[in-house]
Amino acid sequence: MDNLIALLIAAPLLGAAVLLCGGRKLDKAGHWLGTLLAGASFVIGAVLFVDMLGRSADHRTVTKHLFSWIPVEGFQADVGFQLDQLSMTFVLLITGVGTLIHIYSIGYMEHDENRRRFFGYLNLFLAAMLLLVLADNYLLLYVGWEGVGLASYLLIGFWQHKPSAATAAKKAFLVNRVGDMGLSIAIMVMFTTFGSFAFSTVLGETGGASSGRNTAIGLMLLLAACGKSAQVPLQSWLGDAMEGPTPVSALIHAATMVTAGVYLITRSGAIFNAVPDVQTVVVIVGTVTLLFGAIVGCAKDDIKKALAGSTMSQIGYMVLATGLGPIGYVFAIMHLVTHGFFKAGLFLGAGSVMHGMNDEVDMRRYGGLRKYMPVTFVTFGLGYLAIIGFPGLSGFFSKDKIIEAAFAKGGTEGWILGAVTLLGAAITAYYMTRVMVMTFFGEERWKHAKTPAPDQPGVEPAAQTHGAHDEPHPHESPKSMTIPMIVLAFGSVFAGGIFGIGDRFVKWLEPVTSFDHGNSPVAEWTVTAATIVCLLIGVGLAVAQYGRKPVPAVAPRGSLLTRAARRDLLQDDFNHVVLVRGGEHLTRSLVYLDHSLVDGVVNGTAASVGGLSGRLRKLQNGFARSYAVSMFGGAVVIIAATLLMRAV
Amino acid sequence: MSFPLLTATAALPALGAIATAAVPAARRTAAKWLALLVSVGTLVLAAIQLVRFEPGGARYQLTESHAWIKDFGVRYELGVDGIGVALIGLTALLIPFIIAAGWHDADPLETSAGPDSSFAAGRWRPTQGFFALILAVEAMVVLSFEATDVFLFYILFEAMLIPMYFLIGGFGDRAHAQGDEAAATQRSYAAVKFLLYNLVGGLIMLAAVIGLYVVAGSFSLNEIAAARASGSLHMATNTERLLFLGFFFAFAVKAPLWPLHTWLPNAMGEATAPVAVLITAVVDKVGTFAMLRFCLQLFPEASKWATPVIVVLAVISIIYGALLAVGQRDIKRLVAYASISHFGFIIMGIFAMTSQGQSGATLYMVNHGISTAALMLVAGFLISRRGSRLISDYGGVQKVAPVLAGTFLIGGLATLSLPGLAPFVSEFLVLVGTFSRYPAAGVVATLGIVLAALYVLVLYQRTMTGPVKAEVQGMPDLKVRELLVVAPLIGLLIFLGVYPKPLTDIVNPAVRQTMSDVQKKDPNPVVEAAK
């Protein structure tokens with residue numbers, strides 16, 4: 001059975017190799033091969049899951065040592081896997097949602113001449129993501145970690161001929177590399193502390209290390225998580241990443257890869273539990289991002305960017321939950337899974353809308369689409385109800401638990417966190433209702449819509465139309481696209497109930513992450529009631545603003561906050577001024593200095609000894625013959641020195 | 001007497017060089033095939049070395065020893081340890097690819113009025129000369145990895161400058177933005193700069209070599225090391241330090257270490273891409289190799305004394321090289337500055353004086369050779385298509401030549417040390433090995449991985465993505481010959497990234513020896529130490 005673990009990764013890896021190295025001959029069948037191998041991986045995952053369920057809770061962890069990777073004196077890096085309840089959860093999510101999105105892409109990418117390559121990249125992503133969650137040590141996890149970064153880079157920049165896509169891809173990789181630096185340093189500290197970076201050693205011996213070292217490891221892991229999971233201050237890449245094809249946004253930038261940071265923190269729970277100060281930082285990062293993403297989500301007119309803001313915000317909830325320690329880990333993962341369903345569903349719905357609307361992404365040019373796209377409308381609607389936490393649907397169970405856990409943190413902190421998570425729930429309801437209303441209800445604004453010039457003020461640069469300039473003819477998408485949406489809608493509706501009722505999910509994960517009820521100062525029903533009130537306020541405000549009044553085709557100027565939020569709260573501007581401009585000045589002056597100063601000083605020093613500089617300058621001016629002289633001079637010196645030595 | 005395998009591995013390319021040069025002017029293609037055949041034969045001999053080398057056996061194996069200049073005890077003494085045999089393998093591996101990639105680099109120009117103006121017609125046969133010089137360099141580099149006599153090593157270290165000088169100065173890119181005249185001038189400048197920098201380094205080393213002989217009375221590495229270990233040879237602290245500095249200076253010029261690096265961008269920029277690979281992937285490795293073999297073994301105390309300064313210079317090299325790479329407009333100079341950054345990693349790993357650092361540094365030498373070859377050779381193919389080295393002259397190549405773009409990207413990803421590819425293994429080992437002794441240096445050097453991503457991805461974005469530029473339109477994709485050059489290198493990058501064990505098995509014992517030479521032990525993990 002444990003041999004299957006390697007096969008789980010090997011299947012999509014094989015697909016990637018075949019699809020990327022194979023020539024145009026594979027164009028006809030490439031997408032089927034890719035989908036088949038993703039499906040195979042899911043089936044293997046399901047078999048392993050059934051096998052795991054057959055064993056008692058304490059005997060569910062399976063390990064498999066494959067080979068010794070980097071054997072160097074005092075340094076042991078292995079390729080080995082560890083499949084426990086936590087990684088199992090991810091395996092099913094990754095391969096399940098992954099397979100659905102492969103199927104969806106068959107239709108979505110039908111007219112793209114590079115569809116084979118697209119499926120190759122998707123398979124590569126699956127393999128890397130599975131490696132990330134199955135590795136039994138941090139160094140191998142790092143391989144998967146950067147591997148998903150590579151797949152993300154390739155897929156964001158899939159339409160490379162668009163400069164905006166190429167730039168977004170590069171930005172994503174670079175920002176992620178800053179996070180990777182954190183992971184790299186964390187592993188180095190682990191090595192010098194424990195002499196190993198295997199989960200078993202590091203997490204087992206955390207108590208033996210000084211709190212200073214644990215703090216360093218924890219903070220560096222958090223930095224890594226911030227990069228991958230788009231948490232403040234490394235969140236800036238996620239919005240731009242929407243340049244990628246929509247199935248990519250659904251799989252990588254909503255359901256799976258961006259949640260890797262939550263996995264990392266949960267996996268390293270033992271370290272974080274040992275240093276409460278770091279946990280506080282984790283909570284702060286999560287809380288800030290939760291609000292940041294939600295505010296940005298309210299201001300975007302690009303449907304994908306609005307959803308990206310939402311993703312950021314929801315992951316903020318998860319990170320906040322992991323920062324609460326054993327009270328929160330289980331619920332962070334539970335929200336991660338339900339979020340995987342409904343957010344993937346929402347993105348696929350957005351893709352379906354774009355598919356029918358000439359690739360238009362600006363919601364101000366949508367409206368009234370429910371009549372034309374009934375399946376998309378219903379599935380998107382269910383995803384919408386799930387994310388805002390409508391009672392009985394998935395998000396209601398998972399988000400409610402996080403809010404409860406935030407109160408259960410206790411003390412003033414608990415009250416603050418509880419209040420912020422409630423506020424977040426209200427904003428979530430607001431921006432999601434806004435998306436829903438602008439897209440599916442109201443006036444049909446796409447009729448006779450003129451495409452505004454890209455440089456027209458008030459229009460987001462990203463909201464330019466990519467498609468044709470004709471009036472769109474909205475229509476429902478083909479079956480290959482609607483079926484995955486329907487399946488995900490089922491998940492959005494029922495997953496929460498299945499996990500939440502009877503504490504099934506808690507019992508499932510507790511052996512790995514441990515669990516603690518905490519002491520909530522607020523009764524459970526009070527929290528639920530408060531959540532529902534917040535939800536209603538958010539929905540009400542959005543309906544009042546966007547449902548009751550006509551939506552202007554061009555965004556109004558808006559308040560200072562709105563304008564800032566449209567620009568991702570100015571973080572990009574800050575980056576541009578400080579990092580990009582500053583960096584350009586730095587490198588330019590260094591290039592100048594390298595030529596004039598370093599070269600000059602070294603040559604000058606040499607000149608004072610042997611006239612090197614003068615000779616070089618002469619040559620530069622074209623005294624071609626003198627290099628022969630230099631050469632001869634060199635030879636003479638060598639011979640003279642040799643003779644001299646004979647005489648010694 | 002057994003078959004002198006080490007001599008043969010160097011003699012074959014040396015004889016091949018003479019034979020190639022002797023091929024009549026009209027039979028250019030024959031000369032190319034001869035050179036390729038010889039380089040493949042050398043690769044076979046190097047492979048036999050690797051097979052016959054026993055990782056657990058004596059420190060120096062396959063040894064040969066003959067008297068040479070009796071008056072001074074100079075001996076023709078050869079032997080390989082794990083580090084040497086790995087680098088001979090790298091050299092022998094890369095030369096056939098360099099020859100194949102440079103197949104048309106020395107063909108006479110068809111369009112211009114006469115042959116290249118820098119060579120008088122008839123007297124010089126550029127094609128034969130080009131390939132003969134490459135083989136000559138190979139012979140000397142291989143022998144320098146084998147030499148265990150200090151004087152023999154010195155002669156080779158200096159002598160290899162001569163063929164390199166002609167390779168840089170004589171053969172440049174075909175089309176040059178500023179015209180042939182300016183190109184020739186810049187080439188000459190680069191070649192002379194290369195020569196003078198390295199000659200000055202060599203001369204200082206010569207003084208140190210003589211000094212060593214005066215103190216130790218021998219040129220034999222083994223004798224001196226044994227005498228030092230047994231205590232029969234005592235060196236005054238200052239003498240040792242001066243001698244160390246003399247050796248180190250020469251190696252730091254060759255490696256090159258900041259601030260002695262400025263010859264490299266000129267040389268790599270002006271030389272053809274295959275020659276640039278020869279410089280950075282092969283010849284420069286003699287410098288870092290010699291630090292491990294000569295500096296640490298002959299002068300362990302002085303090495304430890306100089307370590308803090310060298311580690312700082314290495315960290316500066318890493319960051320400085322990477323920042324300058326970001327600022328370059330010329331593809332080849334960008335790769336050159338990236339190499340400077342990578343040499344910083346190698347030198348930092350050597351002088352961190354930990355097992356991981358030194359094993360990492362040795363692996364780094366091999367992996368950097370392969371990854372730079374992959375990136376630079378594809379860059380060369382790209383440049384030969386458009387006739388420009390400027391990044392801004394490209395754009396959208398991915399659309400018209402996807403295979404070229406794909407291989408370029410993989411070469412770039414190897415350069416930025418993506419996990420799964422070989423350079424990651426070595427870079428991480430160097431970082432961990434440095435961090436465990438010098439945490440601050442380790443952390444600062446880690447910044448290098450962000451900068452590496454920056455210069456690689458910016459280069460890729462500007463050349464390969466975006467709208468297709470008019471001049472790029474119709475650019476042909478990789479030809480079969482070019483693909484045959486790149487594909488095996490990429491295969492090797494992946495293999496050594498996933499399964500570097502064959503290489504570490506060879507290198508580890510040698511590193512253990514070097515660690516005992518300098519009498520250093522790895523720092524213990526904190527938790528274990530507390531127990």
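Buried means under 20% relative accessible area and exposed means over 50%, with partly exposed in between. The model shown here is predicted. By that scale A:Asp359 is partly exposed, because its relative accessible area is 38%. A:Asp359 lies in the loop between helix H15 (329-356) and H16 of chain A, and it has a positive phi of about 60° although it is not a glycine.

B:Met353, which is not a glycine, has a positive phi of about 55°, and its place is the loop between helix H13 (331-351) and H14 of chain B. With a relative accessible area of 1%, B:Met353 is buried, because buried means under 20%.

The axes of helix H16 (residues 374-388) and helix H17 (residues 394-408) of chain A come within 6 Å and cross at roughly 20°. Since angles under 35 degrees count as roughly parallel, H16(A) is therefore roughly parallel to H17(A). Their crossing is right-handed. On the H16(A) side the contact is made by A:Ala386, A:Ile387 and A:Ile388, which meet A:Ser394, A:Gly395, A:Phe396 and A:Lys399 in H17(A). Sorted by class, the residues of this contact are 4 nonpolar, 2 polar and 1 charged.

Helix H14 (residues 355-386) and helix H17 (residues 422-435) of chain B pack at an angle of about 150°, with their axes 8 Å apart. Because an angle over 145 degrees counts as roughly antiparallel, H14(B) is roughly antiparallel to H17(B). H14(B) passes H17(B) in a left-handed crossing. The residues of H14(B) in this contact include B:Gly357, B:Gly360, B:Ala361 and B:Tyr364, while those of H17(B) include B:Val425, B:Leu429, B:Val430 and B:Gly433. The contact as a whole divides into 9 nonpolar, 7 polar and 1 charged residues.

What does chain B look like overall? Its secondary structure comes to 21 helices and 2 strands, and its C-alpha atoms fill a box of roughly 70 × 55 × 40 Å along the principal axes. A compact globule of 531 residues would have a radius of gyration near 24 Å, and the 22 Å of chain B agrees with this. Of the 531 residues, 66% count as buried, and residues 24 or more positions apart account for 83% of the contacts with a separation of 6 or more.

Leaving aside residues up to four places away in sequence, A:Val91 touches A:Leu8, A:Gly45, A:Leu83, A:Gly96, A:Leu130, A:Val133 and A:Leu134.

Each chain also has a cis peptide bond to point out. In chain A, the bond from A:Val232 to A:Pro233 is cis, with omega near 10°, and A:Pro233 sits in the loop between helix H8 (211-228) and helix H9 (236-240). In chain B, the bond from B:Trp258 to B:Pro259 is cis, with omega near 0°, and B:Pro259 is in the loop between helix H9 (237-254) and helix H10 (263-270).

Technical notes. Residues are numbered from 1 along each chain as its sequence is written. Chains are lettered from A and ligands numbered from 1 in the order in which they are written. This is a predicted model: local features need pLDDT of at least 70, side-chain atom pairs count only at pLDDT 80 or more; totals for chains, interfaces and linings use all residues. Side-chain values use heavy atoms; hydrogens and water are left out. Axes are lines fitted to C-alpha atoms, for helices over the stretch in contact, and angles run from 0 to 180 degrees between N-to-C directions. Helices (H or I, at least four residues) and strands (E, at least two) are DSSP runs, numbered from the N terminus. Angles under 35 degrees count as roughly parallel, over 145 as roughly antiparallel, 65 to 115 as roughly perpendicular and the rest as oblique. A crossing is left-handed if the near helix is turned anticlockwise from the far one by less than a right angle, and right-handed if clockwise. Contact means heavy atoms within 4.5 Å. Ala, Val, Leu, Ile, Met, Phe, Trp, Tyr, Cys and Pro count as nonpolar, Asp, Glu, Lys and Arg as charged, and the others, Gly among them, as polar. The radius of gyration is taken over C-alpha atoms; the globule rule is 2.2 Å times the number of residues to the power 0.38. Buried means under 20% relative accessible area, exposed over 50%, partly exposed in between (1.4 Å probe, protein chains only).
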